[in-house]
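This briefing goes through side-chain contacts and covalent links in one protein model. Please keep the sequence and the structure in view while reading.

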Amino acid sequence: MFSNLIWMFVLLCISVGDENSIRDADIFPSSPEIERGSSLKLSCVLRKNYAPQRNASHIIWKLNNELIAPENYNIVNKTVSNITIHNFTYSIANVECLMKYSDKELPLAHTEVKSGFRPDMPENLSCIYFYDVNLTCTWNAGRETSLRTNYTLYRKQMSSPNVSSQDVFSCPSVTESCSLSYSDNVYSNNFCFQVEAKNVLGASLTECVPIPLQKIEKFAPPEIISVKKIPGIKQLLTVTWKMPEKIIPLKHIICQVQYRNLYSNFTEFVNVSLNSKNKIGSCNLTGLWDSTDYSVAIRCVNNESAFWSGWSGEKNESTEENAPSGKVDLWRVIESSRSSRNRSVHLMWKPLKSFPPSGRVLGYKIQCFPENKAAHKRTNNSTEQKMTLLLNEEAHIISVTAYNSAGESPEAILRIPSPDEKSSQVIEKVVTSTTDEEVVVQWITSEPETTKYVVEWYEELEMDPFGRSWQYVSNSTEWKNNKKNFKPFICYNILVYPLYGSNVAAPSYTQIYVEEKKPSEGPVVDTGILGKNEVTIQWNEVSKAKRNGFITNYTIFYKPNNGKELNETVNSDVLQYRLKSLQANTQYTVQIMASNKAGGTIGEPKTFKTLKLDKEDIFFIAIPVEISILCLIGLWMTCVLKKHVFKKVCWPDIPNPEESLAVEWPLASSVNNSFLKRMSSQTKTVDSEEINVLEYCFPEESQEGSLLINYENHVSECTGINTKGITNRDEKILHNEEHEAAKSFSPSMPYIITDQFTGSQMHSALIPVKEVQPIEVVASDLCGCQQNPIKNEENDNEEVLNLEDFSEKTLFNPYLKNSVKTREFLVSESLPEHSTDECRSQSGALLPFQPNVLAQSYITADMFRVAKGQQCERAQL
C-alpha cells in the first residue's frame with residue numbers, strides 16, 4: 001500500500017515537470033505574416049533550463065494538427081530545430097512544435113501564421129466638395145490583401161514647386177473613403193490629391209491627381225416654397241423654391257424642375273438658370289393635362305460642377321378642370337318582371353378612359369323618355385355608376401352624361417326596345433380559346449358592315465345584374481382579356497351584341513372555363529324500371545357549382561355480386577340509360593362517373609336486384625290463363641243462356657203418350673205404370689251412375705221393310721245364358737216375365753219409345769250402355785236382363801199378367817204415328833261377352849217392324865225391359 005502511494009507521487013511530479021517544460025521553448029518569428037505562395041521558415045528554441053536528456057532531435061512539427069514530414073526539419077544544435085514549409089497557401093494556419101519522448105508528444109510552443117498580398121495601387125480617385133464643410137474622396141483599393149492595410153489621403157498645393165510638410169494633409173483610413181475638414185482654409189482650385197496603401201508586405205502610392213474644387217462642388221438640395229394653379233388658366237402650374245445658403249459665390253447655377261403626372265405616372269424635366277446671388281427661383285409648368293394631379297421636385301448644380309444636389313421634397317397640385325370630353329361606356333341589362341306592363345332595366349356605365357382626362361367627374365345625369373313621347377322626359381342624377389329604371393312596354397331612349405365643375409360630357413345613348421320587338425341573329429358563331437395569359441373570343445358575323453360590338457361576360461351563377469362586366473369593341477371581331485380577370489374552375493357566360501348606333505341587336509352566346517379540374521362530386525344514381533335482364537337507371541346532372549369544367553361524358557360502372565365490373569360510356573346530354581344482358585334475380589351495384597377534361601369523379605354506389613320474371617314472361621303466362629278463364633266464362637254463360645238448346649240436342653224430349661191430347665189413353669196404362677214403379681223399386685240395387693241413355697236411329701222408311709227380327713229364335717237361344725248366382729225360383733220368374741214381354745212385342749207394335757217418366761224409372765234399373773246397334777241392341781238388352789235380380793216372385797207374376805193385358809188392350813194412337821224413325825237401345829256393359837254375342841247373333845231373327853200400320857201402339861223402354869226379362873226367364877226355364 002505504501003509503495004503504491006510513492007509511485008503515484010513520482011508520476012505526479014513527472015507530470016508537473018512536463019507542464020513546466022512547455023514554457024521552456026519559443027517559436028521564432030512569433031505570429032509571422034508572409035506573402036501567399038512563398039516559403040515559411042520557423043525555429044523552435046529550447047531554453048537552457050530544459051531537461052538535459054531531451055534535445056532538439058526530439059522535436060516534431062505540426063501544421064493545423066497534421067504532422068509535417070521530417071525531411072523539412074533542420075537540427076541546428078541541441079536546442080534549435082528549424083522547419084521550412086514551401087508554397088504556403090493558407091490564409092491563416094496554426095503551427096506548433098512538440099517534444100516526442102517515450103511515445104508521448106508533449107507540446108512545446110505554437111504560433112499563428114497569416115499569408116496575404118501586397119496592396120495594389122488605388123484607382124478611380126474622386127472627391128466631392130461640400131462648401132465650407134468638408135472634402136470627401138473615395139477610391140477603389142483593388143485586390144483584397146487578406147492582411148491589415150492602411151490608406152492615407154494626401155492633398156498638396158500644385159502652385160508651389162517645393163512642397164513642405166505644412167502643405168501635406170493626410171487622412172489615415174482602413175476603408176476606401178476619407179474626408180478632410182479644412183474650414184480654416186481658403187477656397188482654391190490649385191490642389192492635387194493622391195492615396196497611399198500600405199501593409200507588412202509593402203506599400204503603393206498613386207500619382208497626385210489635380211482636381212479643381214469648383215468641379216467637385218455639391219451643395220444641399222433647394223426647398224420648394226409653393227406649387228399652385230392660376231385661376232382661369234388651364235393646363236398650367238407655377239413652382240417657387242429657395243436655394244441653400246452654403247454655395248460657392250459668384251457662380252451660375254442650373255436648377256432642374258421635375259413634374260410627374262400621377263394619372264399616367266409620366267415624368268418630365270424643365271431646366272432653369274439662376275445666379276448664385278438669387279436665393280429664390282421660380283418656374284411655370286405649361287402644357288399640362290386638365291384636372292390632373294402633378295408631383296413636383298427640384299435639384300440644382302453649379303454650372304461647372306459634375307455633382308447635382310439632392311432632390312428636394314415633393315409637392316402635389318392639380319391643374320384646372322375642363323368639361324369631360326368623352327362619352328361614358330353605357331350598358332344595360334333588361335329584366336322581365338312579373339307584370340306584363342312593367343320591366344326593370346339595369347343601367348351600368350363607366351367613364352371613358354380618355355387620354356388625357358378632362359377633369360374630375362362629380363356625378364352623372366340620366367335621362368329617359370318613351371321613344372315616341374320625348375316630352376315625357378325624366379331626369380335623374382347619381383354619383384354611382386349604376387341605376388335601375390322601371391319602364392313600361394314601350395320602347396325608350398336612355399342617355400347618360402358625366403359632369404364636373406367645368407361642364408358636361410357628350411351623351412351616351414341606348415335604345416331600350418319594346419318586349420314585342422324581335423331582332424335578327426347577325427352573329428353566326430362565337431368561339432372561345434385560352435392562351436397562357438389571355439382569354440380570346442372570336443365571332444363570325446353575317447353583316448361585315450357592322451363595326452361595333454359589346455362583349456359581356458359574367459359568372460354563370462351570378463344573379464346580380466350589376467355583377468356583369470362588359471367592354472366595347474370597334475372595328476374587330478376578336479376580343480382579348482387577361483386571364484387574371486377570370487376565376488379558375490368557374491363557368492363564365494360570354495355574350496357578343498352587335499350595335500347599330502343606339503340599337504342593340506340579338507346576341508350570340510357561349511361559355512368558357514379558363515381552367516378546369518375534375519368535378520367535386522359525382523352524380524347521384526337512381527334505378528327506374530327493373531326487368532329480368534335489364535334495368536333503366538337515371539341520374540341528375542352535377543350541380544353547376546361543383547362541375548369545375550364542361551362535362552364531356554358519363555361512365556356507368558356496374559357489377560354483380562362477386563362478378564366482374566363492366567362499364568358503359570354515354571354522352572354528356574344523356575341522363576338515363578338502359579343496362580341490358582343482365583343476370584336474372586341478381587343483385588348489382590352501379591355507380592356513375594362524371595368526367596371533364598381534367599378528370600372524372602365517381603358518385604355514390606346504388607344497389608338493385610333484377611327480377612325473376614319480366615313482363616314478357618308474365619304476359620305469356622297470364623294470356624293463356626286469361627284466355628282459359630274467358631273461355632270457361634263464355635262456355636258457362638253459353639250453357640246458362642242456351643241450356644234448353646243443349647238439353648234438347650243431347651237429351652231430346654220424347655212425348656209421353658199418357659199426356660197426349662190427341663187420343664184418349666187407355667185406362668189400363670195405369671196398371672202398367674204401377675207395374676213399372678214396382679220394377680223400378682226392384683232394381684234400386686243398380687247404381688244410377690252406371691246408366692247412360694243414348695239416342696239411336698232406326699233406318700229410314702225405305703229400309704224398315706228389310707228388317708226381320710226372329711224373336712222366337714232369339715228367345716230360345718237366350719235360354720242357354722249362364723245365370724250363375726240366381727235361384728231356381730228366381731230363374732223361373734225371370735223366364736215368365738221374359739215370355740210375357742215377348743208376347744207383347746208383336747208385329748203390330750214395331751216402335752219402342754221412352755218418355756221422361758219412364759226414362760227416369762229406367763235410370764235406376766238399367767246398366768250403362770256398352771254398344772249401340774240398330775235393332776240388334778234389343779236382343780242384347782233382352783239377354784242382359786238376365787243379370788237383374790228378382791226379389792219378389794209374386795209381384796213379378798202379377799206384373800207379367802198386367803203386361804200381357806196391356807199388350808192385348810193396346811189401342812191405336814194417331815198422335816204417335818210415325819213420330820220416331822230411329823231409336824237407341826241400351827246395352828249393359830256388365831253383361832258377359834258371350835251372352836252379348838249370343839243375343840247379337842240371334843237378333844237377326846226378330847220379326848220386322850211394320851211402319852204406317854193403323855192401330856199399333858207405342859211401348860216404353862220399361863215395358864220392353866220387363867218383357868224382355870220375362871221372356872229370357874221363360875226361355876231359361
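The notes below cover disulfides, aromatic pairs, charges over rings and a nonpolar surface patch.

The model is predicted. Four disulfides are found in a search of the whole structure, and the count of aromatic pairs is 13. On the surface, a nonpolar patch has about 1,100 Å² of accessible area.

**Disulfides**

- The sulfur atoms of Cys44 and Cys97 are 2.4 Å apart, and the two residues form a disulfide. The torsion about their S-S bond is about 50°, so this disulfide is right-handed.
- Cys44 belongs to strand 3 (residues 40-46) and Cys97 to strand 8 (residues 92-101), so the link spans distant parts of the chain, 53 residues apart.
- Cys44 is buried at a relative accessible area of 0%, and Cys97 is buried with a value of 0%.
- Cys127 is joined to Cys137 by a disulfide with an S to S distance of 1.8 Å. This link is right-handed, with 105° about the S-S bond.
- Strand 10 (residues 123-130) holds Cys127 and strand 11 (residues 134-140) holds Cys137, ten residues apart.
- Cys127 counts as buried at 2% relative accessibility, and Cys137 counts as buried at 0%.
- Cys192 and Cys208 form a disulfide with their sulfur atoms 1.8 Å apart. With a torsion of about 95° about the S-S bond, the disulfide of Cys192 and Cys208 is right-handed.
- Cys192 lies in strand 15 (residues 191-199), while Cys208 lies in the loop between strand 16 (202-205) and strand 17 (209-210), 16 residues apart.
- Cys192 is buried, with a relative accessible area of 6%, whereas Cys208 is partly exposed, with 27%. The value for Cys208 is not under the 20% that buried requires, so Cys208 falls in the partly exposed class.

**Other cysteines**

- Cys368 is buried, with a relative accessible area of 2%.
- Cys491 is buried too, with a relative accessible area of 5%.

**Aromatic pairs**

- Trp457 and Phe486 have ring centres 6.3 Å apart and planes at 35°, so the pair is tilted.
- Trp457 sits in strand 35 (residues 452-459) and Phe486 in the loop between strand 37 (478-482) and strand 38 (492-500), 29 residues apart. The pair therefore links distant parts of the chain.
- Trp457 and Phe486 are both buried.
- These two residues also belong to one aromatic cluster, formed by Trp457, Trp479, Phe486 and Tyr492.
- Tyr513 and Phe550 make an edge-to-face pair, 4.8 Å centre to centre with 85° between the planes.
- Tyr513 is in the loop between strand 40 (508-512) and strand 41 (525-530), and Phe550 is in the loop between strand 42 (535-539) and strand 43 (553-560). The pair thus ties together parts that are 37 residues apart in sequence.
- Tyr513 is buried, with a relative accessible area of 8%, while Phe550 counts as partly exposed at 32% relative accessibility.

**Charges over rings**

- The ring of Phe117 has the charged end of Arg143 over it, 4.2 Å from the ring centre.
- The ring of Trp470 has the charged end of Lys350 over it, 4.7 Å from the ring centre.

**Nonpolar surface patch**

- The patch is formed by Leu613, Ile618, Ile621, Val625, Ile629, Leu630, Ile633, Trp636, Met637, Val640 and Leu641. Together these residues have about 1,100 Å² of accessible area.
- One of the patch residues, Ile629, is found in helix 2 (residues 615-641).
- Ile629 is partly exposed, with a relative accessible area of 44%.

Methods
Residues are numbered from 1 along each chain as its sequence is written. This is a predicted model: local features need pLDDT of at least 70, side-chain atom pairs count only at pLDDT 80 or more; totals for chains, interfaces and linings use all residues. Side-chain values use heavy atoms; hydrogens and water are left out. Rings of Phe, Tyr and Trp (its six-membered ring) pair if their centres lie within 6.5 Å; planes under 30 degrees apart count as stacked, over 60 as edge-to-face and the rest as tilted. Helices (H or I, at least four residues) and strands (E, at least two) are DSSP runs, numbered from the N terminus. Buried means under 20% relative accessible area, exposed over 50%, partly exposed in between (1.4 Å probe, protein chains only). A charge sits over a ring if NZ of Lys or CZ of Arg is within 6 Å of the ring centre and within 35 degrees of the ring normal. A disulfide is a pair of cysteine sulfur atoms within 2.5 Å. Patches are made of residues with over 30% relative accessible area and no salt bridge: like charges are joined within 9 Å, nonpolar side chains (Val, Leu, Ile, Met, Phe, Trp, Tyr) within 5 Å. Accessible areas come from the Shrake-Rupley method with a 1.4 Å probe; for residues, only the protein chains shown count as cover. A salt bridge is a side-chain nitrogen of Lys or Arg within 4 Å of a carboxyl oxygen of Asp or Glu.
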